[in-house]
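User: Hi! I am new to reading protein structures and would like a close look at one part of the backbone.

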Amino acid sequence: MKRLAIFIVASILAVVVFGATSAVLAETFTYLPPGDLKGESWRGRVDYFVYLPDMRFPVEKTPAYANSQVYGNGGIWGPGGRECDEVNYSYPFQDTFCERRDSIRSNNPLCPDWGHQGQDIRPPTCEGNKHWAVAVEGGTITGIGEISVKLIGDSEIRHRYLHLEPSSIRVWVGKRVEKGERIGKISDWFGGESTTY
């Protein structure tokens, strides 16, 4: 009877601790709506459709932070500061799809104006060649360029991973990957130059 009472108390404590932790995490994570772009950008895409419902987050370990590498602290059009400033490694998640980038000249048909065709995601810490990018779904690696790895998912959606450390890339063209499989480590690699992590 005594063991049963201890088990019940331990179980209640575990539920309370887990519930409290979940509540803290739920309160900590925030995001801005799609299309809400930072800085003097073009119009964003307001789109709530879920294109890949079972998608795995592309950074192996969290927390990770979606926000602008161009308009954030340390970015070329940012407010100043440094790339590793705490504000870049905090919530809320910020959309960067369709964000204005001078290097992007082709029209993205999904954007109201020309714009960035991806989402900037920072790893858990401002350290290069430490955190893994992983396959968001099962599929086949179809290309490895100077700054990108391309994955065609089983859903037929094309995924591109940019700025991975070249020496850490674990995949090759034609390789079948499963959801969550490591692709390469997040870095600031930009073809001989550097960008932000």
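Predicted model: local features only at pLDDT ≥ 70, side-chain atom pairs only at ≥ 80, totals over all residues.

In which loop is Asn129 found?

Analyst: Asn129 is found in the loop between strand E2 and strand E3 (132-134). Look at its backbone angle there: the phi of Asn129 is near 60 degrees, which is a positive value in a residue other than glycine. What about its surroundings? Asn129 has a relative accessibility of 35%, so it counts as partly exposed, because that class lies between the 20% limit for buried and the 50% limit for exposed.

Glu156 is not a glycine either, yet its phi is positive, at about 75 degrees. Its relative accessible area is 69%, so Glu156 is exposed.

You can find Pro63 in the loop between helix H1 (2-28) and strand E1 (65-66). A cis peptide bond also joins Tyr91 and Pro92, and here omega is about 20 degrees. Pro92 lies in the loop that runs between E1 and strand E2 (121-122).

To return to your residue: Asn129 is a partly exposed residue with a positive phi, placed in the loop between E2 and E3.

Conventions. Residues numbered from 1 in each chain as written. Heavy atoms only, no water. Helix = DSSP H or I, 4+ residues; strand = E, 2+ residues; numbered from the N terminus. Buried < 20%, exposed > 50% of the residue type's maximum accessible area, 1.4 Å probe, protein only.
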